[in-house]
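Hi there,

Here is the structure I promised to pass on. Have a look at it first, and then read my notes below.

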Amino acid sequence: MSAPLAPPLRSRLRLLRQALIAACVAVLLALPLGARLDPLIGDLVTAGLGPHPSASERDRIVVVAITEDTLAGFPYRSPIDRGFLAALIERLDRAGARAIGIDILFDQPSEVEKDERLFAAIDAASAPVVLAAARSRDGLTERQAAYVAAHVLTRRAGLIVLERDEIDGIVRHLPRPRGREETPIPGFAEALTTATGASAGTEAASGRILYAPSPPGAPDFALYPAHAAALLPDDWFAGKYVLIGTDLPDIDRHPTPLGTAAGSAAGTRPGIVIHAHILAQMLAGIALPTLPALAAPLLAALAALASALLFSLPGSPRLHYLLLGFGLVLSGAASWVLVRSGTLLPPLVAPTLAAITSALTLSLWRWIADRADRAFLRTAFSHYVSPAVVRRLASGDLKLALGGEKREVTYLFTDLEGFTGLSEQLPPAVLAGLLNEYLDDMCRLMTDHGATIDKIIGDAVVGFFGAPDANPEQARHAVELALAIDAFAEDHRRQLAARGIALGVTRIGIHRGEAVIGNFGGSRFFDYTGIGDTVNTAARLEGANRYLGTRICVSETVASAAPDLSFRPAGELVLKGRKTPLACFEPLPPDRADSDVTKAYKAAFGLMRDKSDAATAAFEAALCLAPDDPLTRLHATRLRAGEEGATLVLAGK
């Protein structure tokens with residue numbers, strides 16, 4: 001068997017696996033959106049940053065357009081009258097055109113005489129004439145392809161097929177050259193530059209068409225209707241590249257990147273105008289290459305993986321996001337330089353989206369995992385530490401460090417009478433079940449009332465209010481908790497008595513005051529607890545119940561801070577370790593607050609506190625109303641023995 005992996009190695013492998021999964025998810029999400037957005041963002045970036053042909057390059061090109069008005073003067077619309085085209089070529093050649101490009105495909109014969117005149121004019125022209133070419137793969141029939149091969153490809157020719165983007169149908173890339181058997185056919189614009197020896201070495205095989213934006217409402221190039229060419233001055237054509245094509249509403253029109261920024265107002269462009277843009281770019285000797293199709297997925301994968309690995313490193317998420325932002329800024333700056341210099345148009349959206357998505361995916365994954373871990377720790381830790389403390393520790397508001405601070409708190413001590421003796425009578429398993437059942441309900445009542453559980457010592461439970469969270473009504477909450485514990489303990493005692501188990505009463509002591517609350521102990525183990533006289537006094541009041549015969553005893557600081565609750569005075573107790581008496585009270589449930597017994601007791605206690613001679617008779621009368629009330633019996637017995645006043649000195653706990 002192979003040895004198990006060491007925990008650090010397992011942790012690193014888990015982080016690496018999470019990073020890989022996050023990167024894969026990011027790529028799968030980023031690529032479809034990037035494929036949609038990258039072309040559009042590329043349009044905007046190219047228009048704003050990319051190199052463009054200057055006005056002087058564009059001025060070297062003239063477009064002569066066959067319009068609807070031109071066609072209206074012909075006996076038929078299609079094919080375009082070749083006698084007219086022959087005369088147009090002769091006119092442009094006489095004007096001294098530098099080169100003539102005809103973006104009209106001659107793929108079938110028309111009238112014999114006109115055909116002969118057209119090709120004769122082409123062959124006789126002193127300016128190079130480039131004809132439009134296409135092949136079978138471009139949709140030509142066999143007969144059309146044969147006609148093109150015989151009459152077009154035997155002369156200067158260039159492919160006129162424009163490539164639309166598969167995503168949105170926009171013509172944004174330079175046409176790729178195609179071969180006819182072993183002979184390649186150049187693009188239309190490339191054939192024109194080659195024919196005049198003006199090629200600047202620009203490759204037309206790939207890259208963006210660098211459309212030069214023109215002012216709103218102005219044509220991209222000098223454009224004249226073909227039927228008016230004979231009337232125009234020669235110098236409008238002299239030394240120019242003259243492109244002849246159609247400018248018709250529904251024929252050979254294409255959307256271009258110029259519409260990405262300008263919107264629908266930019267409309268579409270005739271094919272001949274797009275060829276003019278390509279020609280201007282080649283005359284300027286500029287290009288903006290693009291990467292192969294597989295580059296975007298590869299760069300997206302690398303960006304997603306780099307981002308995932310960054311967020312797998314230890315450190316603050318804020319630092320990770322700062323580093324990610326810095327990396328994206330560097331990537332944007334590099335793209336700016338590449339586009340501005342005409343070096344390359346890299347994929348802009350997919351890698352950026354992949355990096356951000358990878359970071360968000362891993363962050364979300366970590367957040368869910370951390371939340372689950374915190375929930376587990378809160379649940380598990382709450383079995384050992386008060387849930388209020390666990391909440392503050394999980395939120396980061398309470399630090400796991402030694403030290404404390406002075407707080408106003410209300411401490412509550414409980415103790416189960418006679419449990420030590422009972423433990424000697426019951427089997428261990430029964431005793432453990434009995435104690436756990438009792439403590440489970442005690443702790444539930446503590447947490448339900450918002451108390452912080454300090455500790456459990458055997459059958460005793462200690463809690464407090466006012467820390468770690470401030471509680472302005474801590475005294476009232478503590479008394480309400482004490483009454484709830486008393487009601488539960490008495491009912492629980494009756495149920496156990498029915499089973500033959502004699503469980504003692506639960507005594508409760510409460511005191512309010514200042515205490516130092518914090519983490520106390522050693523460097524390895526410590527408790528979140530309180531120290532000070534307030535804590536000791538609450539413990540003494542719990543023990544005072546044994547002498548008074550009560551089950552709940554609270555100090556005057558508690559009773560005075562809970563005026564909406566009912567109490568009866570128990571006495572002014574001089575507790576062990578104290579010299580001055582402390583007025584103490586017994587809280588009463590609502591059904592005893594205004595009873596005749598309570599009224600009689602309070603009246604008798606007032607007489608006793610004033611050291612009145614009538615106090616003894618008053619307590620005897622109250623005892624007749626409640627013979628089983630231990631507090632009334634205590635004071636009646638004291639007065640019979642000759643004591644006076646409400647001060648009691650307690651020597652024990």
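**What turned up**

The largest pocket has a volume of about 980 Å³. Here a pocket is an open set of points on a 1 Å grid over the protein atoms alone, where a 1.4 Å probe fits, with protein on both sides within 12 Å along at least five of seven lines; the volume is the space filled by probe spheres set on points joined across faces, edges and corners.

This is a predicted model, where local features need pLDDT of at least 70 and side-chain atom pairs pLDDT 80 or more, while totals for chains, interfaces and linings use all residues. Residues are numbered from 1 along each chain as its sequence is written, and side-chain values use heavy atoms, without hydrogens and water.

The pocket is lined by 32 residues (those with an atom within 4 Å of a point). Nearest its centre lie Asp165, His173, Thr290, Leu291 and Ala293. Helix H1 (7-49) gives the most to this lining, with 6 residues (helices are DSSP runs of H or I, at least four residues, and strands of E, at least two, numbered from the N terminus).

Some backbone details are worth a look too. Most peptide bonds are trans. A cis bond, however, joins Ser78 and Pro79, with omega about -5 degrees, and another joins Ala467 and Pro468, with omega about 0 degrees. Pro468 sits in the loop between strand E13 (460-465) and helix H16 (474-498).

Lys611 is not a glycine, yet has a positive phi of about 60 degrees; its loop runs between helix H19 (596-609) and helix H20 (615-625).

Enjoy exploring!
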